[in-house]
Amino acid sequence: IVFPHQLEDLSQIAVDVGGSLAKVVWFSRSQDSPGGRLNFVKFETQHIDQACRAKLWWPPLTGCAILLNVTAATGGGAHKFYDLFKSKLGVTIHREDEMECLITGLNFLVRQIPDEVFTYDERRNEAMLFEPTPSEIFPYMLVNIGSGVSILKVLGRSSVFADAPRGTSLGGGTLWGLLSLLTDAKSYDEMLDLSKDGDNRNVDMLVGDIYGGDYSKVGLKASTIASSFGKVFKASPADRKNFKQEDISRSLLYLVSNNIGQIAYLNAQAHGVQRIYFSGFFIRGHAVTMNTLNYAINFWSKGKIKALFLRHEGYLGAMGAFLRNATPRRRSISFQVLENFSQVERISGTSPSAVGAIEVMSNIRAFPLLRDVQTYTPETTDLASDPRLQHYWLDLLDKNLSDLVTMVVEWQLKEDGRKNGSEEALKARAVSFESMYRNHLQRLRREPNAYGVLTIRSLLNLREQCLREMGFTDVFEGVKKKENAAAMPMFFELVKEIDLLPEDEQIKALTDNVLAGIVQEKENFVLSTTIQEMLKKGQLGFDLAKSNTHAKFNHLSRLQKRLLSPPPYRKAIVFVDNSGADAILGILPFVRYLVKKGTRVILAANTRPAVNDITAYELDGVLSEVAKQDGLLAEAVKKSWIKVVGTGSGEPCLDLRRVSEQIASEATDTDLVILEGMGRAIHTNFFAKFRVDCLKIAVFKNPQVAEQLGAQMYDGIRIFEQV
């Protein structure tokens with residue numbers, strides 16, 4: 001978990017020691033910048049003495065600025081091994097209540113981590129499906145399966161549970177212990193691996209074994225288990241030696257999982273709870289375990305209740321202990337989180353999901369002008385339900401990856417390659433990026449849900465994350481400077497010509513120029529080899545780039561009518577896309593027109609670099625330079641009629657669930673929203689609805705999205721939606 005704004009060292013690590021496994025979480029600081037990361041490790045509790053003696057689970061000090069004088073501990077082992085920790089590690093132990101830590105950890109994960117909760121049912125075409133975060137998660141039932149099973153009814157945010165925890169002694173320790181006696185497996189993961197290849201029908205007595213088929217009168221299928229290990233007692237002593245370890249493992253896993261599922265359902269029914277979360281290292285992301293728990297809950301509830309799982313299951317207690325020991329000041333800050341998947345970890349080798357680093361962003365909230373934040377989704381294309389589209393986008397990004405690397409190296413060497421190290425080192429980092437991102441694409445081709453819901457936005461974000469992980473924080477910096485420098489001299493003559501036109505023609509010319517600037521941008525060279533080749537050959541000038549607006553999406557006359565009619569808009573928030581011609585020859589002349597009409601304008605740009613999107617810092621500089629050429633803009637800047645504000649984002653696509661507090665504050669008296677560019681108005685937010693008027697202006701530069709929406713490549717859109 002990455003905390004990018006953390007300035008002071010956290011003074012503790014957190015450990016959750018269960019009867020079977022110990023889980024550790026610790027914070028490590030970045031050496032050369034604010035922030036840091038929560039790290040995770042696990043080991044078997046039986047080895048804790050050796051681990052403490054050798055400090056096998058203790059954080060390495062190399063590259064890690066952290067004070068290790070305090071440990072937050074939870075679980076039964078926090079008491080059992082209290083003296084061991086103090087004597088062998090020389091630390092102060094803060095013991096935290098186990099149940100409170102589990103609840104604190106789950107509440108954080110469910111509310112804050114996108115695509116954290118999922119269901120698992122192998123009867124579906126896609127076994128793993130993610131659950132949306134409900135507006136209210138309470139009350140819920142938490143079934144924590146460790147050595148034994150604890151069942152808690154959680155009533156509210158204060159981490160209060162209704163009464164004494166319930167549960168059963170038949171848990172992970174039962175399965176582990178019996179399989180240790182019955183198989184040759186040496187570890188818990190080996191036992192779970194055995195079960196994957198087993199067939200419980202060779203060990204269990206089924207309904208069909210008794211009735212010769214289904215028992216339809218009471219709704220039991222022939223495949224239903226009537227008696228776990230029921231076929232063993234009927235076998236002769238000699239034949240009992242022939243039962244396969246794989247079949248035994250599968251049968252015993254079913255026995256324990258079905259038992260837990262039934263007890264969990266009965267508790268939920270008794271307490272009137274509809275949401276049941278399963279956690280604990282018994283699950284381990286193991287498909288058979290999750291499928292069995294789901295089957296049990298579905299069977300006993302007659303499909304009314306779902307078994308809910310978490311991608312970060314197993315670390316709830318350690319996470320909760322860490323959060324409960326965070327400073328009050330840090331705990332009180334409002335924030336949202338993003339998951340960085342450049343480096344991923346699986347809770348086990350068989351887990352269908354992976355977890356990444358979680359970047360915590362302070363002062364971020366949903367854009368208040370969305371018509372309905374709860375139903376808003378940024379995505380235009382649904383990849384999750386269409387394998388054909390999944391492969392199209394994965395193949396497209398993979399196909400153009402080598403060209404991207406070549407161009408990155410070329411541009412970085414021209415700009416600052418010598419400053420940041422040798423050419424060989426730069427190329428090595430670029431090759432590492434290519435390998436990292438391609439490996440992710442290959443994994444997502446096999447397991448599209450591994451990192452959450454697969455979207456175009458998530459694929460582009462992942463590419464940016466991998467670039468940053470390899471030290472390429474702003475690969476287009478030099479290109480953006482050159483684009484801006486090339487466009488700047490053209491601004492004055494452009495607005496001078498437009499000012500001479502009748503006002504209705506001004507509106508058309510201004511929006512035509514926005515579309516021309518979008519076509520000329522370089523962002524989508526990884527998505528369009530045609531644009532890439534035209535740019536390389538210098539065949540895409542500003543005038544030539546003006547695209548045709550598709551009649552279906554051309555609301556020019558509607559826009560002209562509104563802008564020509566009084567009163568003018570009070571304030572417009574313009575979500576800006578790219579540098580160069582896009583910003584200087586497209587957006588700024590249009591903004592100048594709005595200001596001349598009496599509209600205040602907020603230029604919303606990325607806070608951090610992403611592809612060639614112009615950042616707020618860069619746009620502020622561009623605006624200052626352009627204002628030197630134009631008295632109207634100079635006066636508007638001086639009086640704050642035009643302001644540049646960072647969106648809080650560093651992503652290629654705009655997700656309006658996460659904007660900066662400053663943008664949200666500026667929305668208070670805004671009555672016009674403008675979304676510009678493919679990453680803001682086509683890939684995302686094409687279907688977004690607002691509580692004020694909205695102009696979406698962009699160009700189709702991907703054939704799949706164009707075809708999906710009934711357009712053609714390079715068609716422009718001028719969608720003007722009034723409320």
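Visitor: Does Asp121 count as buried or exposed, and at what relative accessibility?

Guide: Asp121 counts as buried because its relative accessibility is 10%; buried means under 20% relative accessible area, exposed over 50%, and partly exposed in between, with a 1.4 Å probe and protein chains only. The model is predicted, so local features need pLDDT of at least 70 and side-chain atom pairs count only at pLDDT 80 or more, while totals for chains, interfaces and linings use all residues. Residues are numbered from 1 along each chain as its sequence is written, and side-chain values use heavy atoms, with hydrogens and water left out.

The partner of Asp121 is Arg123: the two form a salt bridge in which the closest N and O atoms are 2.9 Å apart. A salt bridge here is a side-chain nitrogen of Lys or Arg within 4 Å of a carboxyl oxygen of Asp or Glu. Arg123, at 54% relative accessibility, counts as exposed, whereas Asp121 is buried. The search of the whole structure finds 39 salt bridges.

Asp669 and Lys571 meet through their side chains at 2.8 Å, N to O. This pair links distant parts of the chain, 98 residues apart: Asp669 lies in the loop between helix 24 (661-666) and strand 24 (672-676), and Lys571 in strand 20 (residues 571-575). Helices (H or I, at least four residues) and strands (E, at least two) are DSSP runs, numbered from the N terminus. Asp669 is partly exposed, with a relative accessible area of 36%, while Lys571 is buried at 8%.

Arg658 and Asp655 form a further salt bridge, their closest N and O atoms being 3.1 Å apart, and both residues are buried. The two also belong to a network of salt bridges that links Glu379, Arg457, Asp655, Arg657 and Arg658.

Burial can also be followed along a strand. In strand 14 (residues 275-279), five of the five residues are buried. In a regular strand the side chains alternate between the two faces of the sheet. On one side of strand 14 are Arg275, Tyr277 and Ser279, and on the other Ile276 and Phe278. Strand 14 pairs in the parallel sense with strand 9 (residues 140-145) over four bridges; two strands pair if DSSP finds at least two bridges between them. Within that pairing, Asn144 stands opposite Ser279.
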